[in-house]
Amino acid sequence: MTKRDRDFLWELLTTPSPTGFEMPGQRVWAGEVAKTGARVECDSYGSTWALLAGRTKSTVMLEAHADEIGFMIVQIEKSGLLRINRIGGSDAATARGKRLHLLGDKGKVPGVIGNTAIHLRPRNQGTEKAPEAHQLWVDVGASNPKEVSALGLRVGHPAVFADEPLELAHGRLVARGIDNRIGGFIIARVLAKVAKAKQKPAFRLVCLNAVQEEIGGHGAMMATHRLMPDVSICLDVTHATDTPGIDQAQHGAVTLGGGPTLTHGTANHPLVVERLVKVAESEEIKIQHEASSRATGTDTDKIYHTGDGVPSALVSLPLRSMHSAVETADYSDIRNTIDLLAAFVVSLKPSDRFHQRL
């Protein structure tokens, strides 16, 4: 990873972008992809895309989601403490004792999710349960609602964990919001790689960074309706199941560092998946496989049945500790995913049609 790549990735990871409040992160992403010469646009809710001309009018879309999980102020108590609820799938069990950035009218406000000392909590012989979101309380240093207001905070303001990215040994990256800020990073790097090629791609390339995936994929649905690509690859993260306590018989075997996964079934068009497998084989890119018996739980589920149907496939980056402040990815998986998606785009020929035949 070059210094420029790292700086871009760090800026994406440290710019708060909770669901419904994605625009600060979108502006970072748009500023970077514009450097490729692609045309950059966004819709009314903030889904943002870059368009790179191809040799035909056919369109391939690479999609990731821009939002991250977080919290939101739901009550300001007389004591000046705040009550919060979840944005998306935030895990209240990991929240106590964590630092927050609250995103108010005057900018970031530091706060902490309180943690009653272990000495003062009834332990009930080891049967203590994880808190519910409404049981969490946040201290911003205020003693009453007036002091909270003076900080620029009110009910409805969002918050994210304040943890900064860090690197572990042997090429491991840890951060909050890798789900799915890493997807935006990857499709931006694929765009740059394709733009530098000597020949235009056969298909016009659209890289979409969609909003609101964490609450149902609404951004991808709206943008796909507008863009109507001929083929689409959705990029998200998936659970690395190589840590203690995960039943691989139930969740499948996915290894961190084992390469991106291809999902088979449901939303995933067999011909698109087949092409991805062939590209991986020809380029000697390490991949893994996953099964989807009902739904993928990603934006793919919203993209593939738009209009008359968009032939789609899901490519996922293995991730440990998803939906926490210590999400962990492997740089080799990131590189392999960039290479796979770029090679897929380049592999497309003007005559390619991902359409089933009788």
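1. His170 is found in the loop that connects β10 (166–168) with β11 (172–175). Although His170 is not a glycine, its phi is positive, at about 60°. Strands here are DSSP runs of E with at least two residues, helices are runs of H or I with at least four residues, and both are numbered from the N terminus.

2. The model is predicted, and local features need pLDDT of at least 70, side-chain atom pairs count only at pLDDT 80 or more, and totals for chains, interfaces and linings use all residues.

3. As to the overall form, the protein contains nine helices and 17 strands. Its radius of gyration is 21 Å, which agrees with the value near 21 Å for a compact globule of 358 residues. This radius is taken over C-alpha atoms, and the globule rule is 2.2 Å times the number of residues to the power 0.38. Along the principal axes, the C-alpha atoms fill a box of roughly 65 × 45 × 40 Å.

4. Six strands form a closed barrel in the order β4-β5-β8-β7-β6-β9, and their pairing is antiparallel. On average, neighbouring strands of this sheet are turned by 45° against each other, direction ignored. Two strands pair if DSSP finds at least two bridges between them. Strand β7 (residues 107–113) and strand β8 (residues 137–139) run antiparallel and are joined by two bridges. Ile113 has Val138 in β8 as its bridge partner.

5. Helix α2 (residues 23–33) packs with helix α4 (residues 178–195) at an angle of about 15°, and their axes are 10 Å apart. The two helices are therefore roughly parallel, a term for angles under 35 degrees. Axes are lines fitted to C-alpha atoms, for helices over the stretch in contact, and angles run from 0 to 180 degrees between N-to-C directions.

6. Which residues of α2 and α4 meet? Trp29, Glu32 and Val33 in α2 meet Gly184, Ile187, Ala188, Arg189 and Leu191 in α4, where contact means heavy atoms within 4.5 Å. The residues of this contact comprise five nonpolar, one polar and two charged. Ala, Val, Leu, Ile, Met, Phe, Trp, Tyr, Cys and Pro count as nonpolar, Asp, Glu, Lys and Arg as charged, and the others, Gly among them, as polar.

7. Asn180 has its place in helix α4. The peptide bond leading from Asp179 to Asn180 is cis, with omega near 0°.

How values were computed:
Residues are numbered from 1 along each chain as its sequence is written. Side-chain values use heavy atoms; hydrogens and water are left out. Angles under 35 degrees count as roughly parallel, over 145 as roughly antiparallel, 65 to 115 as roughly perpendicular and the rest as oblique.
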